[in-house]
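Q: Please take a close look at the surroundings of the ligand and explain them in one connected answer.

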Amino acid sequence: MTRSAIVLGAGMVGVSTALHLRQRGWDVALIDRRPPGEGASFGNAGLIQREAVHPHPFPRRIAELTRIARNRSVDAVYHPSALPGLASPLLRYWWHSAPRRYEAVSRAYARLIVTCLDEHMALASAAGSAELLRPIGWMRLFSNEAQMDAARLEADMAHRDHGVGYRMLDGDALAEAEPHLMVRRVGALHWTDPYSVSDPHALTTSYAHLLAAKGGRFFLGDATTLERAGAGWRVQTAEGPAHAAHAVVALGAMAGTVTRRFGYSPPLFGKRGYHRHYGMRGNAVLNHPFIDEVSGFCLVPMRAGIRLTTGAEFARAGAPETPLQLERAEPIARSLLPLAERIEDRPWMGVRPCTPDMLPVIGRIPGQHQLWGAFGHAHQGLTLGPTTGRMLAEIMTGTRPFIDPAPYGAERFN
Ligand SMILES: Cc1cc2nc3c(=O)[nH]c(=O)nc-3n(C[C@H](O)[C@H](O)[C@H](O)COP(=O)(O)OP(=O)(O)OC[C@H]3O[C@@H](n4cnc5c(N)ncnc54)[C@H](O)[C@@H]3O)c2cc1C
């Protein structure tokens, strides 16, 4: 019983944590109200972002803030009704994004990021799903030299400080790399290290299958039924109550719905995002995922088609879906690539779980015996699931964690 855990939430973070605990011999029950991998981990852009050594800061330039405030952008939109509830976390997000604080945050963030490829490859190899991890990187496309110069500087620093691989492509090299691109761009930054996952849902489910093969159990159940049971924990599942000595909250954007009941209210907020798939006309192909710097959405070649994923939408939890960004992005995407029909009628929507200081919560929930948190991975939860799972499993099993966990401690929000 002492070496047992209930892991709440079967997204990339929860599945990876459950798997790492099981690999260390713990008895593990993974709980979700849906089958594994159907939350935000389902529909992301599928990038294992080795280059993302700097998290997404809150914009601080007046011109950019004004552009976003107009609410007509493709990359960021908001529901005005959400602003009162978001004021406090967004103000804190803005505060943490000030240059000196952001530098410290980035140092802590980079430590999580640098091993992401190895951590995924270890799990994917064991799960037999390594072929989903395509070593093709991704590109940022630029329409003027100033953007290219700024990106080159940024890439140089990421290479020098964190060993990130990249190459700069001029317009001709870009046209050669992507022969079906229908516009001429000045050039591109190709981040060469990242994996592009051809099916993010299949990757999460492959890790869940490995967990089952190793003796971990999955149950459908509602995490909000978590309660104390003696010194341990109990949660109701479709197959009756599950008990364990430890409980891990890995519920992505919904983590607060459980932790609040035990006295811990993290200032989590969501950045919603949408996707839709498209066919390609004729024999056209897209060889690399890319973001066109002007419009800020992503186009990724996936098993299901060309996946268009959007930037951030700020809305109240549970507010109706408003895929405005997809509507704005689609005509631009069609001017870039010979896209054919939409593959689904309805777009997919998911929520990136964000914290004001841009760092995830990985560690003990304050004031509660053997209650742990693994959430708040924002734009890089697919990337960081296995890293987080290993780190938390090492902490829980009393092994020295391979990354110093101090910056990600839950107590920083107490
Ligand atoms: C458009 C878009 C593009 C993105 N692109 C990338 C990318 O390229 N690379 C990257 O690294 N990240 C990307 N992300 C971010 C990434 O998808 C998330 O950070 C990540 O999926 C979070 O994983 P998670 O396991 O914490 O949460 P989730 O995957 O959301 O899992 C949480 C789980 O909790 C379950 N749950 C919630 N409440 C309850 C309850 N009461 N009872 C039971 N179960 C419950 C849900 O069903 C869900 O399965 C993107 C996100 C979006 C939206």
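Which polar side-chain atom lies 3.1 Å from a nitrogen atom of the ligand?

A: This is a predicted model, in which local features need pLDDT of at least 70 and side-chain atom pairs count only at pLDDT 80 or more, while totals for chains, interfaces and linings use all residues. Residues are numbered from 1 along each chain as its sequence is written, and side-chain values use heavy atoms, with hydrogens and water left out.

The atom in question belongs to aspartate 222, whose polar side-chain atom lies 3.1 Å from a nitrogen atom of the ligand; a polar contact here is a pair of N or O atoms within 3.5 Å. On the oxygen side, a polar side-chain atom of asparagine 44 is 3.2 Å from a ligand oxygen, and a polar backbone atom of glycine 46 lies 3.4 Å from an oxygen atom of the ligand. The protein covers 96% of the 1,000 Å² of accessible area that the ligand has on its own, as given by the Shrake-Rupley method with a 1.4 Å probe.

The elements that give two or more residues to the shell are α1 (12–23), α2 (40–43), β21 (348–354) and α12 (381–396), where helices (H or I, at least four residues) and strands (E, at least two) are DSSP runs numbered from the N terminus. Altogether 35 residues surround the ligand, the closest being Asp32, Ser41, Ala223, Ala378 and Thr383, and a residue counts as near if one of its heavy atoms lies within 4 Å. Sorted by class, this shell holds 12 nonpolar, 18 polar and 5 charged residues, with Asp, Glu, Lys and Arg counted as charged, Ala, Val, Leu, Ile, Met, Phe, Trp, Tyr, Cys and Pro as nonpolar, and the others, Gly among them, as polar.

Notes: Polar contact = N/O pair within 3.5 Å; in protein donor to acceptor, adjacent residues only side chain to side chain.
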